Amino acid sequence: MRSNTDQKTSFYVALLYLCGFFLFLEWLYPLRDITDTAGLSLFVMYAVVCFTVSIFQLKWWVSFLIKGGGMLVVLNFLFVGAGFLSPEWFSLLLQDAMHNLSALFGREWYALTPLFRSGLFLLLIWLMSYLLHYWFVVMKRVLLFILLTFIYLAVLDTFTIYDGGMAIVRTFFLAFVALGMANLMKELNRESIRVNRVRKTPIWILPLIGVVLFSTLVGFAAPKLEPQWPDPVPFIKSTAENAGYGGGIQKVGYGEDDSRLGGSFVQDHTPVFEAVAEADHYWHIESKDVYTGKGWESSSGGGYSQLDNSSDWEIARTFLPSVETEAREAEVEFLGNVSIEKLVHPYGITSAYSYDMPDFFYDVETTAIQPRINGEDVSLDRYSLFYQQPTFSLDDLREAGNNDPFLDDQYTRLPDMPDRVGELAEEITEAFDTRYEKVKAVEQYFGANGFTYQTTDVPVPEEDEDYVDQFLFESKVGYCDNYSTSMVVLLRSLDIPARWAKGFTSGEIKDHNIGQNGEQDLYEVTNANAHSWVEVYFPEIGWVPFEPTQGFSNPTDFQAELDNSSGLEQNDALEAPEQPEEREQPEQDVEEEEDTETAASPVNGNDSFSFQFSWWYIVLLAIIIGVLLYIAYRKRFRWQSKLVAKKLDRTAGPQGFQDAYHFLIKLLNHRGVVKHPDQTLREYAYEVDKAYQTDDMKKLTNRYEQMLYKNEYSEAQGQDLTQLWKDLIKRILG
């Protein structure tokens with residue numbers, strides 16, 4: 001009978017915990033709409049595993065292995081390209097851990113990798129499974145978590161794009177079922193209530209669910225009054241948006257509107273397209289030439305001309321035929337529902353092809369290439385690109401003059417600017433004569449004068465404040481929009497033609513040595529790879545890309561004669577591009593995190609921080625850890641007995657003795673003297689004393705029953721009981 005009652009109670013506990021699990025899921029569902037979280041189904045599956053393990057109350061080491069192993073499997077599926085548990089896999093995780101620890105100690109929160117942040121999120125789910133088990137099952141206090149869930153959903157429904165209508169209805173139903181069950185179970189478990197008949201049958205749960213379901217349906221379907229008070233949300237939002245320093249939060253990615261730059265943003269690693277190409281390069285989309293003091297616009301009125309033949313495509317190269325080039329090709333395939341009605345292409349494009357057979361149109365002012373079918377702008381899902389990748393000669397760049405016969409003031413025009421901007425440009429370049437040296441001086445200025453790459457708390461200029469002036473002299477914090485725009489403005493104040501370019505960087509390499517010639521790599525480009533940079537015009541050369549943003553390197557090829565190396569830039573052109581840290585960029589502007597070897601990319605054998613492993617080291621380490629865990633597991637009861645003994649010495653009273661007595665029964669069960677469910681304590685004490693040839697268990701049990709049923713306990717008795725307990729423990733453990 002007792003076993004049957006326990007089974008019924010366990011059934012009710014499982015139902016209560018199940019309500020807690022579904023309430024917890026309501027915290028996860030909005031992440032698809034309000035964050036850049038991908039693979040949400042995997043996180044939900046991991047939550048199922050954690051809550052299932054918690055409800056069955058498995059041994060701690062079994063629970064640890066299952067939950068920890070599940071976490072590693074999820075992270076491996078989402079991020080790690082190397083084989084699971086391979087040497088490269090361990091090396092990758094160690095590199096990622098060291099990188100993120102360094103970022104944490106340096107408080108560089110933007111540098112935390114997606115793998116690390118996802119690991120923290122999985123750890124949070126792990127901990128919540130324990131916390132909700134304690135709240136719902138042990139304490140049966142569910143009201144606090146229910147109230148937090150309602151507040152969470154209400155705030156998201158009010159201030160974000162998430163629609164929490166049905167979520168609140170579901171939470172209402174689950175909340176009242178959980179509250180009803182929790183309160184009834186607390187009443188049933190009180191010592192003064194004897195309702196075995198109710199405890200043995202689940203019939204009581206049907207009216208509870210029926211009443212809650214009926215109330216939910218009535219509340220959902222009943223007519224409701226219109227709002228009686230003015231809605232405060234528009235006022236709160238407008239106040240927050242105009243609260244001065246640091247505008248609203250944006251999402252990283254490519255956008256058309258660059259008229260107002262600035263503000264913080266959140267990272268988004270949603271894939272945009274995959275490309276098969278032979279080398280790293282910018283994926284260019286368009287350039288803009290009109291700086292307004294707040295952002296960028298284009299002077300072009302959409303003057304596109306059709307590209308019919310190879311001579312027409314020549315104008316899309318942006319640099320002159322005198323530049324040395326190498327013929328290459330690439331394949332671009334867009335992913336998901338991404339739609340960009342312009343070609344994403346490398347510098348030096350000579351032609352493009354798609355199975356949709358579109359016509360291509362080119363705008364000389366923005367350098368954008370637009371596909372059209374039957375006169376309508378279209379977004380192509382897949383296309384091939386043919387281009388001449390340029391290699392710019394540093395000698396030619398240095399020798400280029402300042403005469404621009406084919407350019408008017410279009411690319412040197414500026415709005416009314418504070419005088420200190422032009423004075424700064426003169427100060428930076430006063431030691432240099434050639435255009436190239438001045439451009440490099442401005443490009444390198446930001447890295448040595450206290451500027452910080454930052455994606456949070458980035459200010460939006462006030463109405464009477466210039467975007468560049470604010471960055472150069474006030475905040476000195478920002479991301480690529482700030483750096484690239486400032487460089488263009490500084491150059492234009494020196495009458496050097498420059499414009500603002502936008503698109504994507506190379507992305508992350510997913511596979512090597514593929515394609516028709518086996519020399520191409522597969523790149524994955526995400527929203528986080530959106531970026532902006534600078535283009536400067538050099539006579540007899542054309543437009544040349546430059547990269548002022550801190551932590552980013554210019555993928556453009558430059559070549560110099562070693563014996564002629566001198567001046568500001570020679571060494572920069574010859575050294576290997578430094579690996580930038582992972583960056584995040586905003587949506588309205590074209591912002592991007594430079595594509596580099598992040599912690600979730602394949603291991604680079606030339607990395608200065610590469611861990612080299614062999615299977616022998618891994619096997620030896622696993623054996624040592626396994627032996628230590630085995631020893632700890634075998635000795636666990638000795639350690640636990642010492643802890644219980646110390647607690648018994650410190651805790652005077654019946655509660656301490658009761659805990660010690662329960663541990664004693666647990667130890668005896670482990671040693672093979674098992675207490676059966678239908679066995680009384682006195683019968684069990686007789687078996688124990690017989691097994692160990694003592695009468696200590698009988699004495700302990702008599703005192704335990706007197707304390708439990710007659711509430712008889714004294715300090716002197718407590719000392720005697722403690723000594724009896726310790727003597728019996730020593731005898732059992734040998």
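Begin by selecting Ile66, which is partly exposed because its relative accessible area is 34%; here buried means under 20% relative accessible area, exposed over 50%, and partly exposed in between, with a 1.4 Å probe and protein chains only. Before going further, note that this is a predicted model, in which local features need pLDDT of at least 70 and side-chain atom pairs count only at pLDDT 80 or more, while totals for chains, interfaces and linings use all residues. Residues are numbered from 1 along each chain as its sequence is written, and side-chain values use heavy atoms, with hydrogens and water left out.

**Surface patches**

Ile66 belongs to helix 4, residues 60-78, where helices (H or I, at least four residues) and strands (E, at least two) are DSSP runs numbered from the N terminus. Patches are made of residues with over 30% relative accessible area and no salt bridge, like charges being joined within 9 Å and nonpolar side chains (Val, Leu, Ile, Met, Phe, Trp, Tyr) within 5 Å; the accessible areas come from the Shrake-Rupley method with a 1.4 Å probe, and for residues only the protein chains shown count as cover.

Next, select Arg634, Lys635, Arg638, Lys642, Lys646, Arg650 and Arg671, which together form a positive surface patch. Lys635, by contrast, sits in the loop between helix 19 (615-634) and helix 20, and with a relative accessible area of 39% Lys635 is partly exposed.

**Aromatic pairs**

Searching the whole structure gives 36 aromatic pairs; rings of Phe, Tyr and Trp (its six-membered ring) pair if their centres lie within 6.5 Å, and planes under 30 degrees apart count as stacked, over 60 as edge-to-face and the rest as tilted. Select Trp135 and Phe145, a tilted pair with 6.1 Å centre to centre and 55° between the planes. Trp135 is in helix 6 (residues 114-139) and Phe145 in helix 7 (residues 143-159), so the pair ties together parts 10 residues apart in sequence. Phe145 is buried, at a relative accessible area of 3%.

Move on to Phe334 and Tyr383, whose ring centres are 6.3 Å apart with planes at 45°, so this pair is tilted. Because Phe334 lies in strand 8 (residues 324-334) and Tyr383 in strand 13 (residues 382-393), the pair ties together parts that are 49 residues apart in sequence. Phe334 is buried at 9% relative accessible area, and Tyr383 is buried at 2%. To see a cluster linked by ring pairs, select Phe319, Phe392, Tyr436, Phe538, Phe546 and Phe558.

**Salt bridges**

A salt bridge is a side-chain nitrogen of Lys or Arg within 4 Å of a carboxyl oxygen of Asp or Glu, and by this rule the count comes to 17. Select Asp258 and Lys288, whose side chains meet in a salt bridge at 2.7 Å, N to O. This pair links distant parts of the chain, 30 residues apart, with Asp258 in the loop between strand 1 (250-251) and strand 2 (265-266) and Lys288 in strand 4 (residues 283-288). Both Asp258 and Lys288 are buried.

Then select Glu286 and Lys342, which form a salt bridge with their closest N and O atoms 3.0 Å apart. Glu286 is in strand 4 and Lys342 in the loop between strand 8 and strand 9 (349-353), 56 residues apart, and this pair too links distant parts of the chain. Glu286 counts as buried at 3% relative accessibility, and Lys342 counts as buried at 11%.

For the last stop, select Glu443 and Lys440, a salt bridge whose closest N and O atoms are 2.2 Å apart. Both lie in helix 15 (residues 435-445), 3 residues apart, about one turn of the helix, and both Glu443 and Lys440 are buried. Widening the selection to helix 15, you will find that 9 of its 11 residues are buried, so the helix is largely enclosed by the rest of the structure.

Key. Lys and Arg count as positive and Asp and Glu as negative; His and the chain ends are not counted. The place of a charge is taken as NZ of Lys, CZ of Arg, CG of Asp or CD of Glu.
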